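Hi,

Here is the structure I promised to pass on. Have a look at it first, and then read my notes below.

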Amino acid sequence: MAEPGNREGHDDSRSPWLRNGFVLAVAFIGFVAVIGVAVLVSSDGPEGSSSASSPAPGAAARTGQPPPSAAADRGDCPGLKDTGEKVPTAPPEGVDWKLFQSVALPWSKAAGPAVVEKDVARCYAHTPLGALLATSQISVRYLAADDWQSVTRAQTVGAGRESYLKARAASERTADPREQEGAAQGQIAGFDFVSYTGSTAVIRTVWRFQDGRMQAAATTVRWRDGDWKLEYPADPPAPAPVDSLAGYVEWGGV
């Protein structure tokens with residue numbers, strides 16, 4: 001793994017998808033350049049971290065919480081038809097894919113996002129499918145969007161959010177465009193629910209890159225103020241290379 005321009009003290013501000021050489025999408029080349037960390041596809045990821053032994057899709061997930069009530073605080077979000085309580089163990093039906101900054105992102109009329117305002121795509125169903133769509137959308141947008149700050153402020157929570165905002169803003173002021181070269185593009189290839197409680201969902205997402213390599217990272221979304229919000233922890237977990245999609249639901253738009 002190469003980390004051109006990496007600077008000490010910025011680890012806490014990195015996305016989990018930017019740590020240890022994890023590559024999300026060419027869409028955030030600009031971000032990578034300014035933040036000063038590598039996005040080059042590399043073979044020096046953590047050894048022995050393959051997820052080939054991952055449990056069956058959704059095996060660890062639980063739906064122990066009651067479904068959302070009709071009186072749930074949805075703010076200005078419209079009502080959504082999806083009320084499914086079970087975590088998906090197969091590719092969800094009724095999902096379309098649209099490119100955002102060259103990354104294919106999932107959309108559903110029944111589960112959201114129901115409102116798109118410039119770079120912010122919000123209003124997801126309070127269901128496992130809504131959580132899956134939210135983590136897929138937000139985890140790309142807060143990195144790749146032109147207005148990444150609005151996405152981050154509106155749709156992320158957690159102890160690491162403010163340090164990320166400050167570090168990235170500071171890095172953009174001293175960005176070297178030459179560092180944009182060499183990045184690779186990743187696309188969603190699969191998912192697995194680790195857990196689902198109605199208020200919190202932990203989902204592992206697999207990303208496949210142009211050279212066939214895959215990496216996975218677990219992300220958490222929390223139900224806050226009537227919508228799913230992506231958690232940005234102080235110490236985001238490192239992504240891990242995976243050898244296959246065994247244990248995951250194969251799912252992707254390209």
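A word on burial before anything else: I call a residue buried under 20% relative accessible area, exposed over 50% and partly exposed in between, using a 1.4 Å probe and protein chains only. By that rule Trp228 is buried, with a relative accessible area of 0%.

Please keep in mind that this is a predicted model, so local features need pLDDT of at least 70 and side-chain atom pairs count only at pLDDT 80 or more, while totals for chains, interfaces and linings use all residues. Residues are numbered from 1 along each chain as its sequence is written, and side-chain values use heavy atoms, with hydrogens and water left out.

Now the overall picture. Of the 254 residues in the chain, 51% are buried. Counting a contact as heavy atoms within 4.5 Å, residues 24 or more positions apart account for 68% of the contacts with a separation of 6 or more. The accessible surface comes to about 11000 Å², and carbon and sulfur atoms hold 48% of that (Shrake-Rupley method, 1.4 Å probe; for residues, only the protein chains shown count as cover).

Next, the aromatics. Rings of Phe, Tyr and Trp (its six-membered ring) pair if their centres lie within 6.5 Å; planes under 30 degrees apart are stacked, over 60 edge-to-face, and the rest tilted. The structure holds ten such pairs. In one of them, Tyr142 and Tyr164 have ring centres 5.2 Å apart and planes at 75 degrees, so the pair is edge-to-face. It links distant parts of the chain, with Tyr142 in helix 2 (residues 128-144) and Tyr164 in helix 4, 22 residues apart. Both tyrosines, Tyr142 and Tyr164, are buried. Trp223 and Trp228 also pair edge-to-face, at 5.2 Å centre to centre and 75 degrees between the planes. Trp223 is buried as well, at 16% relative accessible area.

The charged end of Lys98 is over Trp107, 4.8 Å from the ring centre, and that of Arg141 is over Phe100, at 4.1 Å.

Back to helix 4 (residues 161-172). Its twelve residues should span 16 Å at 1.5 Å a residue, and the end C-alpha atoms are 17 Å apart, which agrees; the expected span is 1.5 Å times one less than the number of residues. Its buried residues are Tyr164, Leu165, Ala167, Arg168, Ala169 and Ser171.

Arg122, in strand 4 (residues 120-122), is buried at 15% relative accessibility, and its side chain makes a polar contact with that of Glu117 (3.0 Å). Thr219, in strand 8 (residues 214-224), is buried at 6%, and its side chain makes one with the side chain of Thr135 (2.7 Å).

Cheers

Note on methods:
Helix = DSSP H or I, 4+ residues; strand = E, 2+ residues; numbered from the N terminus. Polar contact = N/O pair within 3.5 Å; in protein donor to acceptor, adjacent residues only side chain to side chain. Lys NZ or Arg CZ within 6 Å of the ring centre and 35° of its normal.
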